[in-house]
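I opened the model to look up its sheet and its ring pairs. My entries are below.

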Amino acid sequence: MLKFLAYAALAVTVAIVVVLIIAAKKPDTFRVERKIVINASPEKIQAEINDFHRWQAWSPYENKDPQMKRSFSGAASGVGARYGWEGDKNVGTGAMEITASTPEKTTIKLDFLQPFEAHNIAEFSFQPSTAGTEVTWAMQGPLPFFGKVMHVFFNMDKMVGGDFETGLASLKAVAEKP
């Protein structure tokens, strides 16, 4: 029995070391992005993004917790507009603020407070396309060592990418309405 416990302890130690080595080799930042072409002008699309009150019509995160508490402050839309939320384990707690808005891009400072703290940047970019406007939704941020360890087991692109695809499809439906 003692021999088995020694081998088990060695196996666990080796597994931990392997995970830490893999984590150490991960990049210091992450980026997730998805694109869609929307048959609408960049101005019409950007109006949906720059006004946090309108996000309930298209954001995939708005329906994950029906009891989510929302707060709006700062500018009504565009630079300085702020949005905070408190929700269950599906949405956590956090805040967003639009920090830049040009005809080509809207940049949002994104602060997650719970279930764990993270500070990222979300960007919505707008490029003319033959079929309308190509919209890119991206999120990027630092990846501290604990985040790198988590990324050994969880793929951020798979976790968030599907939500971005759902949100962009909903944004397309909203923006293409006459």
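I am working on a predicted model, where local features need pLDDT of at least 70, side-chain atom pairs count only at pLDDT 80 or more, and totals for chains, interfaces and linings use all residues. Residues are numbered from 1 along each chain as its sequence is written, and side-chain values use heavy atoms, with hydrogens and water left out.

Sheet. I find seven strands in an open, antiparallel sheet, ordered β1-β7-β6-β5-β4-β3-β2. Strands (E, at least two residues) and helices (H or I, at least four) are DSSP runs numbered from the N terminus; two strands pair if DSSP finds at least two bridges between them. β1 (29–38) and β2 are the edges, each with a single partner strand, so one side of each has no neighbour in the sheet.

Rings. I searched the whole structure and got 11 aromatic pairs. Rings of Phe, Tyr and Trp (its six-membered ring) pair if their centres lie within 6.5 Å; planes under 30 degrees apart are stacked, over 60 edge-to-face, the rest tilted. Trp58 and Phe124 have ring centres 6.0 Å apart and planes at 90 degrees, so I log the pair as edge-to-face. Trp58 sits in the loop between α2 (42–50) and β2 (69–74), and Phe124 in β6 (residues 118–129), 66 residues apart.
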